[in-house]
Amino acid sequence: MWRRSFCILSKRPYSSQPEIPSLYSFLQPSIFSLNRTQQPCTTPQKPHNQTPLTLTQEHKSDLESKLQDSIKTNNTDEAWKSFKTLSNYSAYPSKSLTNSLITHLSSLNDTHNVKRAFASVVYLLEKKQELLKPETLHVLLNSMKDANSVAPAFALVKCMFKNRFFIPFCMWGDVLVEICRKNGNFGGFLQVFNENCRIAVDEKVNFLKPSLVACNAALECCCCELESITDAEKVVETMSVLGVRPDEYTFGLLAYLYALKGLKEKIAELEGLIRGFGFPDKGVFFSNLISGFMKCGNLASVSATILQGVREMDGQGLSFRERTYNDVVSGFLQNGSIKDLATLIGETQTLESPSVIVERSVGYGIINACVNLGLLDRAHMIFDEMNAQGASLGLGVYLPILKAYCKEQKTAEGAQLVTDISSLGLQLDVATYDALIEASMSCQDFQSAFSMFRDMREARIPDLQGSYLTIMTGLTESHRPELMAAYLDEIVEDPRVEIGTHDWNSIIHAFCKAGRLEDARRTFRRMTFLQFEPNEQTYLSLINGYVTAEKFFNVLVLWNEVKRKVSAVGEKKMKLDNTLVDAFLYALVKGGFFDAVMQVVEKSQEMKIFVDKWRYKQAFMEKHKKLRISKLRRKNRGKMEALIAFKNWAGLSA
């Protein structure tokens, strides 16, 4: 087919007569509208605005200057008025000015001015086409595309042909294809395409050679809209004559048509051509074959084509579009063929390589189509049928179901299915686990999340960090510190999870905020036992918790621990910051531990940490206003001296 030479194309004369009424109705009201039943008037009528019958050179120059200035200042109505006045008397503006006006009108993106631009071009094509630049028509067609103006775009191109104003195909053809594709109909384009190609061949106008995109659009019309073998092969012959090299999509369109018509010999011929052209991927070809067989209800050929495709890909999966699988599922289910679908998946699994990409497996494609079509129940029926047939279920069959469970937040079902998958020796990828765990945490199904995380660990997934953070973040936001503590304790020795002091701090802070101080202290002890070093945030959370519960002695115990660390030498030495000093001072003043208060003051002075004394004056006055030094002198001399030292430091001695 492609090697034959076709020297004679149809020389059917091109006629735009059927389009003329609609063309000129589009121009109404316009100075360029024509009445085809009237004879042209021999005597020109005087315009309403009293413009002279002939324009002097001075008047013409004035109008052109006015037109140019109006375009520059975006005074569109005035520019249009000047152009009409000039055109009424065939005193056309210069070429550059004419094209500037049309480009300006086209760029305004409103229907009224696009009509003006269109009317101007049609008029000039008839009267003075040498004033038009090809680039200007390209701009106008793009404006029509943006405005989704189908009929005017075709009318413009047909008017170009009628008046033999030929411009390179690339300036109008592909734009017309985009307009047609946007509207889902290539019928009008096929007529223009055929006329264009006739001119290109007969008159040897090389720049009218269509693009491959345009050829495929014309072929799509023949194969999918007209379903005409004669018209389709005529387009193919034209491509051969003009030297347009086909691609996979070209052969795919023909495959669809031949499958629809049941032409097995033609299909075999296409396969030979595909091999001859050396196309490595036959996915488009097989997809279109399947679509053709589906449309004519030939389900046996659909199954045979899919199996053939798997064999030819050496078991590495098929690159079918989702739409192809959607069509397959819809077609089989309309005929009640759940059993046939299950059989098809089972047969492809025996042909597919164990290393096949899951998303390219046929099982994945079919079950995913069920999910996309809202037929989750049918997907389960396919499961049951495959089990009844004794077929093994590959990972590709399970993944779409898991994704559906994620989307619908059926996390308990998802967790159970993950367990079933693991028991079969199949291993999910990290992304699937992460998505399932995130869905579980978002609906606070913590047990499912924990279950799936355990499955991840048992499956020896190397990257656990993402799911670990998802769980910890979800538990923190849900204020469940007891679950955080149990979870952390379970995985703390797993080297695949990076646990830091901040994780323990999150638990301690949550316990303290909830007033569960004993749990916070137990977590703190567990943290230090496992050799995680507490930091400033650890102590701040505990101090704030103890102050809220007025357990100031516990703060004193914490200070003694911190004091040892602050006084240590080497890497284990701890540094105080302003926030921690403030928290200790406030709590110890409230508790009346003035000896410890002065120790904190001494350390803050050593480390040159600024301390705002006013806050501690207020704390003292609130808690110890009635405390008398004379009473302390009789009981505890050390406490008395510490109190005096604090009052002197805070400025309370007076």
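Author: Let's start with a term: a residue is buried under 20% relative accessible area, exposed over 50%, and partly exposed in between, using a 1.4 Å probe and protein chains only. With 72% relative accessibility, arginine 460 counts as exposed. Keep in mind that this is a predicted model, where local features need pLDDT of at least 70, side-chain atom pairs count only at pLDDT 80 or more, and totals for chains, interfaces and linings use all residues. Residues are numbered from 1 along each chain as its sequence is written, and side-chain values use heavy atoms, with hydrogens and water left out.

Reader: Where is arginine 460 in the chain?

Author: First, how elements get their names: helices (H or I, at least four residues) and strands (E, at least two) are DSSP runs, numbered from the N terminus. Arginine 460 sits in the loop between helix H23 (446-458) and helix H24 (465-477). Its phi is near 60°, a positive value in a residue other than glycine. Aspartate 314 is another case, with phi near 55°. That residue is in the loop between helix H15 (299-312) and helix H16 (322-334), and at 64% relative accessibility it counts as exposed.

Reader: How many helices and strands does the protein chain have?

Author: There are 34 helices and 0 strands. Of the 654 residues, 49% are buried. For surface, accessible areas come from the Shrake-Rupley method with a 1.4 Å probe, and for residues only the protein chains shown count as cover. The chain's accessible surface comes to about 32,600 Å², and 50% of that belongs to carbon and sulfur atoms.

Reader: How do I check a helix, say H11?

Author: Work out its expected span, which is 1.5 Å times one less than its number of residues. Helix H11 (residues 229-242) has 14 residues and should span 20 Å at 1.5 Å a residue, which agrees with its end C-alpha atoms being 20 Å apart. H9 has 16 residues and reaches 23 Å from first C-alpha to last, close to the 22 Å expected.

Reader: What happens at the ends of H11?

Author: At the N-terminal end, serine 228 is the cap: one of its side-chain oxygens lies 3.1 Å from the backbone nitrogen of aspartate 231. Just after H11, glycine 243 takes a positive phi of about 75°. Just after H9, lysine 204 also has a positive phi, about 55°.

Reader: And what covers the buried residues of H11?

Author: Contact here means heavy atoms within 4.5 Å. The cover for H11 includes helix H9 (187-202), helix H10 (212-226), helix H12 (248-261) and helix H13 (264-277). The buried residues of H11 include Ala232, Val235 and Met239. H9 is mostly covered, with 12 of its 16 residues buried, and they pack against helix H7 (150-162), helix H8 (173-183), H10 and H11.

Reader: Which residues have the most contacts inside the largest nonpolar core?

Author: In general, nonpolar side chains tend to be buried together in soluble globular proteins. A nonpolar core is a set of buried Ala, Val, Leu, Ile, Met, Phe, Trp, Tyr and Cys residues joined through side-chain atoms within 4.5 Å. The largest one has 206 residues, and those with the most contacts inside it are Trp172, Phe189, Ile382, Phe453, Phe584 and Phe646. Helix H20 (residues 395-408) gives the largest share, 9 residues. Not counting residues up to four places away in sequence, Phe646 touches Val589, Phe594, Val597, Met598, Tyr616, Phe620 and Leu652.

Reader: Is leucine 132 buried or exposed?

Author: Leucine 132 is buried, at 3% relative accessible area. It lies in the loop between helix H5 (111-127) and helix H6 (134-146). Leaving aside neighbours within four places in sequence, its contacts include Lys95, Ile102 and Phe165. Lysine 95 is 37 residues away along the chain, yet the two C-alpha atoms are separated by 6.9 Å.

Reader: Where does UniProt place the feature "repeat: PPR"?

Author: The unreviewed UniProt entry puts it at residues 429-463 and 500-534. UniProt positions are given in the numbering used here, feature names are shortened, and annotations may be inferred rather than shown by experiment. Residues 429-463 are 74% helix and 0% strand, with end C-alpha atoms 10 Å apart. Residues 500-534 are 74% helix and 0% strand, and their end C-alpha atoms lie 10 Å apart.

Terms used. A polar contact is a pair of N or O atoms within 3.5 Å; within protein, one must be able to donate a hydrogen and the other to accept it, and residues adjacent in sequence count only if both atoms are side-chain atoms.
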